[in-house]
Amino acid sequence: MSQNTADRVCITLPKTRIMDIIQNTKNILADLPAKVSLVAAVKTQSVEAVQEAIQGGVTIVGHNYIQEAQAMKPHVTGKTKWHFIGHLQTNKAKQAVELFDMIQTVDSTRLAKALNNQAQKMRKKIDVLIEINSGREPQKDGIMPENAINVIEQIAPWDFIRIKGLMTMGPWLDDPEDYRPYFKLTKELFEKIKKSDIPNVEMKYLSMGMTDSYKVAIEEGANMVRIGTSIFGTRR
Ligand SMILES: *Cc1c(COP(=O)(O)O)cnc(C)c1O
């Protein structure tokens, strides 16, 4: 690891900010129904900030970037799971399988194949969620809802990848209430896939909702929420 990277991930926080992160985390956890898992979205945060979130009760760390996660992970202590929540390029599949317990953003059979191949080499089974483009936005990542079952049926037989559920972002919207149709659609798809009983596919996790939208997402059936701003404050 370069000196620069080490410097970048070890920024010291003022004491007040640390107290906030612990308390913010506790408040959110107290607010979540018991069956809902919290993923702390840690992009741009320091090791120290992440450590405080863990002290506050975070057990799943979500990162968007491979290189930053690589630099951060060795410095973070505690029994945490690591989930990849950013856009994953096929050529980073190896590092992704090495670093993460779950890839939440599988958005093509090509990426799934690359993950399966790397996992096979490492003799590790990698858990994944299928990312759904619930807003059907051409510029956004994710599988179109109408193609989801077909894509899942292609991936399911591969031995080193395990489909564990769905993830969605939805379009960028100002009013949290406006997210509801996209969350509803993804939940309906989740139930439909569950009923399809595809071998090797477990519809266990439905990851949707962020700081502004997680309450609506939970009302619509999310059992995993990804939260950054409410824990760490506004990103610089
Ligand atoms: C940053 C991020 C989040 C958290 O967003 P906040 O609005 O800061 O809570 C959730 N999911 C993904 C994929 C993200 O990149």
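The legends below describe close-up views of a predicted model. Local features need pLDDT of at least 70 and side-chain atom pairs count only at pLDDT 80 or more, whereas totals for chains, interfaces and linings use all residues. Residues are numbered from 1 along each chain as its sequence is written, and side-chain values use heavy atoms, with hydrogens and water left out.

View A. Thr-80 lies in the loop between helix H4 (66-72) and strand S3 (81-84), where helices (H or I, at least four residues) and strands (E, at least two) are DSSP runs numbered from the N terminus. With a relative accessible area of 14%, Thr-80 is buried (under 20% relative accessible area, 1.4 Å probe, protein chains only). Leaving aside residues up to four places away in sequence, Thr-80 touches Ile-54, Val-58, Thr-59, Val-61 and Asp-101 (heavy atoms within 4.5 Å).

**View B. Aromatic pairs.** The structure holds 2 aromatic pairs, for which ring centres of Phe, Tyr or Trp (its six-membered ring) lie within 6.5 Å, and planes under 30 degrees apart count as stacked, over 60 as edge-to-face and the rest as tilted. The rings of Phe-84 and Phe-100 are edge-to-face, because their centres are 5.3 Å apart and their planes stand at 70°. This pair links distant parts of the chain, 16 residues apart, with Phe-84 in strand S3 and Phe-100 in the loop between helix H5 (93-99) and strand S4 (102-106). The rings of Tyr-179 and Phe-183, with centres 5.6 Å apart and planes at 10°, are therefore stacked. Tyr-179 is buried at a relative accessible area of 5%, and Phe-183 is buried at 0%.

**View C. Lysine over Trp-158.** The charged end of Lys-113 sits over the ring of Trp-158, 4.3 Å from its centre (NZ of Lys or CZ of Arg within 6 Å of the ring centre and within 35 degrees of the ring normal).

Conventions. Buried means under 20% relative accessible area, exposed over 50%, partly exposed in between (1.4 Å probe, protein chains only).
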